[in-house]
Amino acid sequence: MRAAIILIAAVILTACATGRSQPGGELGPAMVIGVSSDGRYAISTHKSQHLVLWDLQQHSRDILSTHANIYSAYFIHDRDAFLWQDLDDIVRVQTVDGEVLKQFAHFPTYGHVMDTSLTHYIASDDHWSLFAGHGDEIMPVKQDGISPSFLGTGKLLHLSISEEKGLFVSAGSTTHDGYDIEEHPPVAPEQRWSNYALPVLWNLDTLEPIAQLTGNSSKVDAVISPDGQWVVSGDEAGIGLFWNTDNPERRHRMARYSGGLLLEDAPYGIDDPRRYDMSGLIPVPLADEPDRWGDRSVVTNTTVALAFINDSEEFLRFGTYSHWVALFEAGNPWPQKYFDLGDDPWPSTSSYLRSLSIATSPQANVLVTGHRNDGGITVYRYDPGARTLTKEWVGE
Amino acid sequence: MIYDSLPFQPACHAGSGVTMPADCAAKVLVVLEHRDTLGRPLPEGIRVEVRDSRRKRYLGVTDAEGLSQHPGVIAGLFSWQLLAAPGRHLVAVDDRPVHPVAAGLGAPEAYAVMHETTVTATYLPPPILIDLHTPPGSGADRLSDDQLEQLRLDGGSATLFVHGYNVARGDWSRFSVEAEAADAGGPFRLGAPLLRPSGAATVSTLCQSQALEADARGLNGSGACSWLASMELQLNRAAGMTDDDWRPYSRVVGIAWPGDTGSTAFVEAEFSALQSGRRLVTVLGQLVDAKLSINIVSHSLGARVVLSALNILGERITGPCIDNLFLWEPAVADNALSPDSPFTTAALKGGYDEAFGQDSPGRETHPLGMGTFPLAHRSIKNVVVLHSREDGILGPSGEADASAWYDPRDWLDDVAAFVDAPQDDRLGTLGGAYPKKWWTFPPLLAGGLGYFRDYYFERARALGGDWEAAMLVHLQQRAQHEPHIQRLIDHAWETLTQAICDEARRVATATPAGPLDPAIPLPEYDLLKPLAHHGRIGELMAERFAERLRLLGQRDNWQPRDRRVRPALGLVGFEKMEDVEFFKRRIDLDIFEPIDQSKWLFAHSAMKYPTEEIFIKSYQDGIVERIKRNSNFGRY
C-alpha cells in the first residue's frame, strides 16, 4: 500500500514537472530560432530566458537552460551543434547530445554566427558593431557608430553566411543611399552615425566589406542563399530587392504583389504608368469580406523576414503582422505563390524584434516560426515539386 | 569650476608684477564680452548688472561690440547678470562650459584683477517661437532678420517643430531648484552665489526636467513653450550634445498655433490647423528665400498645419524645398498625401468623379474636401511617418485590425469612462478618439462636423438679406410635409451657395492672375475658410465646395452618411496605401518612409518626455540620423 502511494505521488510529481510548471516558469515567446540543416532539430531562445531544443521528428522538446541570452540561439550549418550564450556571457558550441565542443567568454551578443568548421565566429553587440573571433583574438569588423543600432531600431542585425562561397551578409536598417567603402571603412569608432547598418555583403575570410546593398528603407531583413549566389531583402516600407553576388553593384527589384515591378532605369517620370511592369503578376489572395474601407487584401509587401526554403532556389517573404507569405524564386522578381500559415496560432510576424524567430532549413525544406502570443513553435514543410507548404506540428 | 582656472587666487597681480592681497580695495575695470554661441556679439543696449564681493552694484550696457564696461569694481570675486535678455542662457565663461540651468540659479562669478579684467561670456541664442495665436497682420507670423541670421549661422539650417492638438500657447518657466541640473555645479564659488539672478535672467526657455511630472511642476513652462523646450533638448541630445557642454545647442523654430479648442472640439481644431497652416506659409517662404536647409517635425494634429502650408507651397513652386518632413503620430488621414481631391485636376484619374475609384484607399473621403493635401508632396524631398499601433488616441491599441474601433458602439461604451476621466485623460479614455471625429452625437461630448453648422449659421445671419439663415439648420425630415418650409430651406442653401461663389469671384478679381507671388500675402477668405489649405480658390472649386457643404448640411444633417473617416496615418502608416499608384512609386523610391514604432511608443504624446528607448529609437535613429544623412541640424 505504501509503495503504491509513493508510486502515485511520483507519477503526480512527474506530471507536474512536465506540465506547465516547467523549469524557469512558462516559456515566453521565442525571440530567435535556428533549424538544423537536416531539419531534425530546432533550437530557440525565449523572452523568458529559456533555451529549448525541439526534436521536430519526435515532436518533443528539451529545456536546456533557463538562463540563456534571449537572442543567442543559432544552429550551425551541416552539424548537429548549435551556438548559444548564457547570462554570464559564456558562449557555447553544444551538440544536440549535450556535448560542449567549445566555450568562451564574450560580450553579451545580439546575434551571432559560426561556420561549420567552427573557425569563423562573428557576433553583434547592441550597437550593431560586429566582431570576429573572441578572447585575445577578437577583432572589429564593423564598428563605425552607435546609430542605427539594435536599441535604436528595435531589431537584430541579421547575420547569414554562405560557406560555399565564403561570404556573409549583415542587415539592419537602411537610412542612406550608400557610401564608398574605400572612403568610409567599416571600422571608425570615433563616428556617431554608422554607414554599415544597411544590408552589406562581406568576405568571410578577409572580413572586409564587398558591397553596400542599397535601396531598402528603414528596418530591413536580408539573407544570403546557401550557395552564396543571391542576397534577397525586404523591409518595413514593402520594398523587396535582390542581388547576384557576382555583380553586387547591380540591384534588382522584386515586384510588388499587386503593384508590379518598378523599372528602375526606365526613362519615364515618377508618375508615368510605364515605370511599372505588371506582366508577371499572379492573382493575390483576398479576404472573403472587405474591411470598412473596402479593402480585401490579406498579403502585404511590408516585410518582417525572408528565408530560403528550397536550397538556394526559392525563398519565402513574410509580411509584417500577417500570416500570409509569398514564395519567390531566386533571381526572379515575380512572386510565385502565396501561402497561408494560419492564424491559430498566429506566427511570430508581428514584431521586427522577433524577425529571427522565423527560421528555415533550406536543405530540408523545413520552416519553423515562433508564435505571436506564446512560447510555442510551428513547423511547416515545403514540397518543392508540388509547391505546397504544409503545417506539420505545433510545439507547445 | 571656473575659478579653478583663474591664475590669480588668492592674490591679485598688478600689471607691474607687484602682488597685492586679494582683499585689497583696489578698483578694477571689469569688461564683459558678451557673445552668443554663433560668435555674434550680443545686441547693443542690454543692461548688465555686476556685483562685487561687497554686493555693490555696477551697471553697464552692451555696446555695438557686445562689451559692457564696469569701472570701479572692487578687486576680487564679482558676479553679473543680463537684466533684459530672456532666453540668452550662459553656456561658457571664457573657454569653460557652464550648465545653463545652473547658471540660471546662481549668476556667474569671476575674479576681478588689477587694473582691468576681461571675461568672455557665451550665451545661447534666444528661442524662436512663431506665435500664430496672435491675430493675422500682427507681424508675429514672420521671422525677424535677426532670427534668420541666427539660423544661417547655426549650420544654415532650420528645424521646425509644430505641436499637436489642444496645446495652449503657454509661457516659459523660471529656473527652479527642482531642475535636474540644479546641482550640476554652477558657475559660482562653492556656497551661496554672490548674486541671485532676478528679472529676465530667471526666465528659463530650456527643458529643466525630463521627468513625466515636469509639466505638473511647471518646470519646463507650459503649453507650446514646454513642448518646444522638451523637443529642442531631445533633438540636441540625439544629435550628440552632452550635458557637459551646451555650446553646440541648436534652437528649433517652434510653431505655436491655436489648436486649444477643448478636448472634444477636434473638428474645430482641424479647422484652426488649416488657418494656421496658411499663415505658416510666410515663415516657410522666408526660409526658402534665405536658402536654408529646412526640416520639419510635427506631432499629431500639427501634421495638418504643416501639410496645409506645404500644399500651398506646392501650388506655387515646382521643386521640393523641405529636406525632411517627420510626421510623428500624425492625426491626419492615411491618404493625406494623396493627390486626390474633388477640387483639383490631380485627382485619381481623369479628374474627380464621385463614383469612380470610390473604393480606392487613395480617394479623398472628407465630406468637405479637407482630408487630402494634393500638392503638398511637391514641396518635400523626404517624408518620414513615425506611426504606432499602440497610440491609443488615433485608434485601437493592440488590435490586429485597425478598423476594430470604428464601430460607434465601442465609442458609446466608453462614454461613461470618458465622463469620469480627468480632463487631460479624456481623449485617451475614449480609446481612439480620432476615428470618431465626425460624430455629432452625443452633443455634450462631441461637436463633430456640427462645427460647420454653427460656422455657417453665424455667417449666414451676418449676410442678412431677405432669407432666413435659420433654415440652414432646419432638419429636412421636419419639412417633408410642409412645402413652404422646404422652399425656405432650399432658398437658404441657394443663397449661401451663391455667397460662397461670389466670395471666390470677388477675391479672384482682386488677385493678380497667374501663380501667386510669394511676396504678396495670400488672399483672405471667410466663407471658404475650410479650404484654407488651397492658396487660391477658383469659382469651380467654390461651387463644388458649396455643393458638398449643402449635401452635408441639408441631406445628412452634418453627420456624413456615405463615407468613413480614413484610419489615421499615425496609426497605420502607409499600410493601406501600398498598392495605390501614387504612393507605391514614392515608397519604392524612398520618398515616403514609414517607421513602425508600435513596440516602443505606447502613448500618443510619449515623445514629450521620452523613455530612453523612445529617445534612442525615435529621436536618434528615427529623426536626427536621417537629418544628418541628407540635411543639417545646427552645427553638429
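Reply: A salt bridge is counted here when a side-chain nitrogen of Lys or Arg lies within 4 Å of a carboxyl oxygen of Asp or Glu. The model is a predicted one, and by this rule the count over all chains comes to 48 salt bridges.

Arg51(B) and Glu49(B) form one of these, with their closest N and O atoms 2.6 Å apart. Arg51(B) has a relative accessibility of 23% and therefore counts as partly exposed, whereas Glu49(B), at 2%, counts as buried.

Another pair in chain B is Asp154(B) with Arg635(B), where the closest N and O atoms are 2.8 Å apart. Because Asp154(B) sits in the loop between α3 (145-153) and β13 (157-162) of chain B while Arg635(B) belongs to the segment after α15 of that chain, the pair ties together parts that are 481 residues apart in sequence. Asp154(B) counts as buried at 3% relative accessibility, and Arg635(B), with a relative accessible area of 34%, is partly exposed.

Asp334(B) forms a salt bridge with Arg566(B), and here the closest N and O atoms are 2.9 Å apart. This pair also links distant parts of the chain, 232 residues apart, with Asp334(B) in the loop between β18 (324-328) and β19 (383-387) and Arg566(B) in the loop between α12 (539-555) and α13 (569-572). Both Asp334(B) and Arg566(B) are buried. In chain A, Arg251(A), Arg253(A) and Glu264(A) are linked in a network of salt bridges.

Turning to the place where the chains meet, the contact takes 43 residues from chain B and 51 residues from chain A. Together the two chains bury about 3900 Å², of which 46% is on carbon and sulfur atoms. On the side of chain B, the residues that lose the most area to chain A are Arg585(B), Asp588(B) and Arg629(B), which together make up 19% of what that side buries.

Between chain B and chain A there are 4 salt bridges, including one in which the side chains of Lys576(B) and Asp291(A) meet at 2.9 Å, N to O. Across the same interface, 29 residue pairs are in polar contact. The elements of chain B that each supply at least two residues to the side touching chain A are α4 (223-239), α14 (581-588), β20 (592-596) and α15 (612-630), and α15(B) gives the most, with 9 residues. By class, that side of chain B has 16 nonpolar, 4 polar and 23 charged residues.

Terms used. Residues are numbered from 1 along each chain as its sequence is written. Chains are lettered from A and ligands numbered from 1 in the order in which they are written. This is a predicted model: local features need pLDDT of at least 70, side-chain atom pairs count only at pLDDT 80 or more; totals for chains, interfaces and linings use all residues. Side-chain values use heavy atoms; hydrogens and water are left out. Contact means heavy atoms within 4.5 Å. Buried area is the accessible area (1.4 Å probe) that two parts lose on being put together, summed over both. A polar contact is a pair of N or O atoms within 3.5 Å; within protein, one must be able to donate a hydrogen and the other to accept it, and residues adjacent in sequence count only if both atoms are side-chain atoms. Helices (H or I, at least four residues) and strands (E, at least two) are DSSP runs, numbered from the N terminus. Ala, Val, Leu, Ile, Met, Phe, Trp, Tyr, Cys and Pro count as nonpolar, Asp, Glu, Lys and Arg as charged, and the others, Gly among them, as polar. Buried means under 20% relative accessible area, exposed over 50%, partly exposed in between (1.4 Å probe, protein chains only).
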